[in-house]
Amino acid sequence: GKGRVHLSLGCIAVFLVSKNGETEAVVEITGFYLHFVAMVTGHRVSSQGDLGRRFQTPGLGCSHRSLCICPRWEEEKKEDGVKWTQLEHRGPYFAPLYEPLPDDVQFYYNGKPLKLSLATEEIATFYAKMLDHEYTTKEIFQNNFFNDWRKEMTSDEQKIIKDLDKCDFREIHKYFVDKSEARKALSKEEKQKLKEEADKIQEEYGYCILDGHREKIGNFKTEPPGLFRGRGDHPKMGMLKRRIMPEDVVINCSKDSKIPEPPEGHKWKEVRFDNTVTWLASWTENIQNTLKYIMLNPSSKLKGEKDWQKYEVARRLKDVVHKIRAQYQADWKSKEMKKRQRAVALYFIDKLALRAGNEKEEGETADTVGCCSLRVEHIRLHPELDGQEHVVEFDFLGKDSIRYYNKVSVEKMVFKNLQLFMKNKDPSDDLFDRLNTSILNRHLQSLMDGLSAKVFRTYNASITLQEQLKALTNSEDNVAGKLLSYNRANRAVAILCNHQRSTPKTFEKSMQNLQAKIDAKKQQVEEAQEELKKAEDDNVEKKKKLLKRLEEQLDKLNVQATDKEENKQIALGTSKLNYLDPRISIAWCKKFGVPIEKIYNKTQREKFAWAIDMADEDFEF
DNA sequence: GTCCCGACTTAGTATACGGCCA
DNA sequence: TGGCCGTATACTAAGTCGGGAC
């Protein structure tokens, strides 16, 4: 035919069958691989490859047995903004109800046991569970908790419990510690039973049917009540997060589907049939008064296509980025202050992969900033520093209160502009006082369809990976060596995007373990060398072989240690999952003979199924 | 232009799981 | 077989961004 058909692993034959003047791709398969790209007709197929059809494991509503060729209506392009034509699900799975403490587990006030009402007791257990967490030592946390707790007390309790310092939760705390120990110590059979129960819930509530396919839901459980744990210096830490009731929940599904039943004796807040959104249920949480949603798992077609689209936008940026850079450089000299600020901010976003930086409501969240919301106090200007000219020193808290610290040598014009922007301002004033994210994004949109600040992060992350892989991979290396190169390329991106993690608690110990292994291996290598020297003629080859194997093993361990050390405080996962076009990695795997499983685990392979189907070794971002 | 909100992506950490070794 | 350890998954907070009201 006119199009190309991509064959996936396990695919043994493709037929094009004409039926009623329309052609269908019929795919015969072997083994388990049920993901395909095949082009069902009526569809334009570009040589780069449309996403095409990903055939899926058949689910409810699908009559095909071994693979699923969707009914025609699904092939039709949906109207603008329409996300689905059919959506059926069971509604959320609610957090288990509170189980009262046994009578022998007591709360003490001022040294005396005090029996609490059920509601008061439940909230007390939230605090008790967190007793050995650093949170409970913070004054804001304690105050917020105590305030909210008192609100839920009976008036009698309110009269007695007036001082958190006089509250003794230790017995309750111990009860929960013991309980979790007991859970761990359960026999194999008991654990198995628990697992089966969880699987049953997953099976019942964890999937929905979307346009004829059974799709996995991302978060099908409502969030249990507890104490809010914000990140960083959060003014609301310790506040009570209420229990979500069916009466709080809005259900979204299709009109003609089986509408989920609320739990007995309850009703939904609302049932709506909105096919322009992708969520299945929503509720308003009480801490920030914002909406929370139940949505699909990243493995779903809906999410996959969106993800693919995101990378396609970033690839389009690649074509125009030179022009955009030239323009913002020219704008550094603009007569309009507004334009200059926009141009400098965009330069930061492009060069340093900063986030856009929306305004935040003061006092409602931790004080964090992004590019547009930078304040004067967040940068320091050094005309000269460590032998470099025009150095900008950044020091601020970004998303999740992760510190961004960086010293960057910038163009002279940028430096001068920054001096200008900071003139006559207080440290707490906005650096870019004539700019915000909506102005910036409106401008970006005018430069390229679909362009916004975050696209630069995606683009720069992906292009960096591609370049680093090219620079670092040595085709002579063994798989372990190639993987080290991959991790280093990945790490370059994580550093660019400032993806950090706290050093794992077990880091030192596991490093020691690894070092011990290395030492032991070294010893073995030395011994093998001795043996080889002493070996008789007919034994030399054998000894050589052994030595070689040991040396390779030692090599591998050393590589592991290097990798581990370099990764100590850097989180690779976030960029891998959200910023790096998976087709780059897949192409690299194919080109250098590295199994994809070495790069992506099962969940990640499911998420990136679209890319695994699509990318061949020549893929270029 | 500003403010607000809804929908969606991106983020780090806590915990569960499962394989390996003594 | 039980405990240890590294990895995978669960969890949910915290961003981005566009659209509508004013």
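Modeller: Here is a walk through the aromatic pairs and the charges over rings.

This is a predicted model, so local features need pLDDT of at least 70, side-chain atom pairs count only at pLDDT 80 or more, and totals for chains, interfaces and linings use all residues. Residues are numbered from 1 along each chain as its sequence is written, chains are lettered from A and ligands numbered from 1 in written order, and side-chain values use heavy atoms, without hydrogens or water.

The whole structure holds 28 aromatic pairs. Rings of Phe, Tyr and Trp (its six-membered ring) pair if their centres lie within 6.5 Å; planes under 30 degrees apart count as stacked, over 60 as edge-to-face and the rest as tilted.

Take Tyr127 and Phe141. Their ring centres are 6.2 Å apart and their planes meet at 40 degrees, so the pair is tilted. Tyr127 belongs to helix 2 (residues 118-129) and Phe141 to helix 3 (residues 139-152), so the pair ties together parts 14 residues apart in sequence. Helices here are DSSP runs (H or I, at least four residues), numbered from the N terminus. Tyr127 has 5% relative accessibility and counts as buried; Phe141, at 0%, is buried too. Buried means under 20% relative accessible area (1.4 Å probe, protein chains only).

Trp588 and Phe592 are also a tilted pair, at 5.9 Å and 50 degrees. They lie four residues apart in helix 16 (residues 582-592), so about one helical turn separates them.

Charges come next. The charged end of Arg90 sits over the Tyr205 ring, 4.8 Å from its centre. Arg214 does likewise over Tyr207, at 3.9 Å. The test is NZ of Lys or CZ of Arg within 6 Å of the ring centre and within 35 degrees of the ring normal.

Methods:
Helices (H or I, at least four residues) and strands (E, at least two) are DSSP runs, numbered from the N terminus. Buried means under 20% relative accessible area, exposed over 50%, partly exposed in between (1.4 Å probe, protein chains only).
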